[in-house]
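This report covers a sheet, its helices and a group of aromatic rings. The sequence and the structure come first.

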Amino acid sequence: MMRGEQDLPTLGRNIITFLANYLDARIGAFFVIEDGKILKLTASYAYTHTNEIAVEYRMGDGLPGQAALEKKTILLTDPPVNYIKVQSGTGMAAPTSIVIRPILFEEEVNAVIELGAFRDFNKNELLFLQSVSENIGIAIQTAQSRVRVNELLEKTQAQSKALKARENELLNSNEELQAQSEELLAREEELRANNELLEAQTKELRQSEALLQSQQEELKQTNEELEEHQHRIEKQNVELQKIHHELEKRAKELEQTSQYKSEFLAN
């Protein structure tokens, strides 16, 4: 009944069903300890849940919790009439004997089994429960380990998926950075070419400025020479005007002399 890969509810249901049938019990409950301190009802046999009956116990609470705390079997005979009832289609009645057996794995309790019958459990039946407890504890530990392994596997797969997504994201980021780097390199090359062109233009401009300055100096010298030549021409013009005036004066004097001479001759 415990063979194969079973989850805890299935394993607990198979165990409590087999024990109830084999020991002629009429009601049963299978509690598994979670977090090392909580007994949780995982499976049952002919068990009817009511508000008066707890489905969880802490270590030391109630008979299941006490049996787990002491790691000892508790046998209850002649329970109160208001104890748990076994129900059927024709009526209900309280069991006359209750056995609560803690299940241990490596000296630690990992489950508690409670069985109720309309008769007393004999010594052989109690020894049978004791003898199968170790195998039940191993089966429960195996199922719990399988659950933890599956949870870790799911967590690992989720982390792997997240890591893969992160790797893809980083890869895309690297590709974007590579593209941006290539673009920056291209722009840097373009800027370098522009700088070289600007330097060449600047050099050419300086040469043009030097040539223009030389031309300006030549033009300035030419202007000075022209001004000096103009001054000489103006001076010559002044002298020519003086000579012209002198010639006019002499021509008038000569004309007057000729007139005097003519008059004299006429006289």
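Which strands does helix α2 lie across? Helix α2 (residues 62-70) lies across β1, β2, β3, β4, β7 (97-105) and β8 (108-117).

## Basis

This is a predicted model, in which local features need pLDDT of at least 70 and side-chain atom pairs count only at pLDDT 80 or more, while totals for chains, interfaces and linings use all residues. Residues are numbered from 1 along each chain as its sequence is written, and side-chain values use heavy atoms, with hydrogens and water left out.

## Sheet

The order β3-β2-β1-β8-β7-β4 describes an open sheet of six strands with antiparallel pairing. The edges are β3 (56-58) and β4 (74-77); each has a single partner strand, so one side of each lacks a neighbour in the sheet. From one strand to the next, the twist averages 20°. Strands are DSSP runs of E, at least two residues, and helices are runs of H or I, at least four, numbered from the N terminus; two strands pair if DSSP finds at least two bridges between them.

Seven bridges join β1 (residues 27-34) to β2 (residues 38-45). F31 stands opposite L41 in β2.

## Helices on the sheet

Helix α2 runs at about 40° to β7. Helix α3 (residues 123-266) lies across β1, β4, β7 and β8, at about 45° to β7. Contact means heavy atoms within 4.5 Å; angles run from 0 to 180 degrees between N-to-C directions, with axes fitted to C-alpha atoms, for helices over the stretch in contact.

## Aromatic cluster

Ring pairs link F18, Y22 and F128 into a cluster. Rings of Phe, Tyr and Trp (its six-membered ring) pair if their centres lie within 6.5 Å; planes under 30 degrees apart count as stacked, over 60 as edge-to-face and the rest as tilted.
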